[in-house]
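Please look at the sequence and the model together, and keep both in view while reading the report below.

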Amino acid sequence: MPSMSRKGNCWDNAPTERFFRSLKSERSDQHGFTTRDAAKSEVLNYITFYNVYFRHSTIDYMSPINFEREHMKQAA
């Protein structure tokens with residue numbers, strides 16, 4: 001169930017909830033981790049993938065890293 005932080009603000013936690021939904025459906029549901037270190041390693045690998053390679057429709061199908069680089073170039 002989506003969370004809401006303030007009255008009428010349903011988008012406040014949407015990016016975080018989307019990330020964790022993707023993490024669970026794409027990685028953690030597919031693996032049976034035997035150790036905490038294995039799970040931690042997989043989560044870190046997913047975060048790297050999500051920030052460097054995954055293209056997001058809300059930022060013109062760019063990865064967050066590339067979006068920030070382009071934004072910083074335009075700001076300078």
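## The model

The structure shown here is a predicted model, and the values in this report were computed from it.

## Aromatic rings

The structure holds 7 aromatic pairs. In one of them, the rings of Phe19 and Tyr46 have their centres 5.8 Å apart, and because their planes meet at 45°, the pair is classed as tilted. Since Phe19 belongs to helix 1 whereas Tyr46 belongs to helix 2, this pair ties together parts that are 27 residues apart in sequence. Both Phe19 and Tyr46 are buried.

Phe49 and Phe54 make another aromatic pair, with 5.9 Å from centre to centre and 65° between the planes, and this pair is edge-to-face. Phe49 is partly exposed, because its relative accessible area is 26%, and this value falls in the range between the 20% limit for buried and the 50% limit for exposed. Phe54, with a relative accessible area of 19%, is buried, because buried means under 20%. Phe19, Phe20, Tyr46, Phe49, Tyr50 and Phe54 form one aromatic cluster.

Where does Ser63 lie? Ser63 is found in the loop between helix 2, which covers residues 36–52, and helix 3, which covers residues 64–75. Is Ser63 buried or exposed? Its relative accessibility is 3%, so Ser63 counts as buried.

When its neighbours within four places in sequence are left aside, Ser63 is in contact with Asn51, Val52, Tyr53, Phe54, Arg55 and His56. For Val52 there is a further detail, since a polar atom of the Ser63 side chain lies 3.1 Å from the backbone oxygen of Val52, and this counts as a polar contact because the cut-off is 3.5 Å.

His31 is located in the loop between helix 1, which covers residues 14–28, and helix 2. With a relative accessible area of 35%, His31 is partly exposed. Along the chain, His31 and Glu42 are 11 residues apart, and their C-alpha atoms are separated by 9.1 Å.

## Helix 3

Helix 3 has 12 residues, and the distance from its first C-alpha to its last is 16 Å, which is close to the 16 Å expected at 1.5 Å a residue. How many of the 12 residues of helix 3 are buried? The count is 1, and helix 3 is accordingly described as hardly covered.

Note on methods
Residues are numbered from 1 along each chain as its sequence is written. This is a predicted model: local features need pLDDT of at least 70, side-chain atom pairs count only at pLDDT 80 or more; totals for chains, interfaces and linings use all residues. Side-chain values use heavy atoms; hydrogens and water are left out. Helices (H or I, at least four residues) and strands (E, at least two) are DSSP runs, numbered from the N terminus. Buried means under 20% relative accessible area, exposed over 50%, partly exposed in between (1.4 Å probe, protein chains only). A polar contact is a pair of N or O atoms within 3.5 Å; within protein, one must be able to donate a hydrogen and the other to accept it, and residues adjacent in sequence count only if both atoms are side-chain atoms. Contact means heavy atoms within 4.5 Å. Rings of Phe, Tyr and Trp (its six-membered ring) pair if their centres lie within 6.5 Å; planes under 30 degrees apart count as stacked, over 60 as edge-to-face and the rest as tilted. The expected span of a helix is 1.5 Å times one less than its number of residues.
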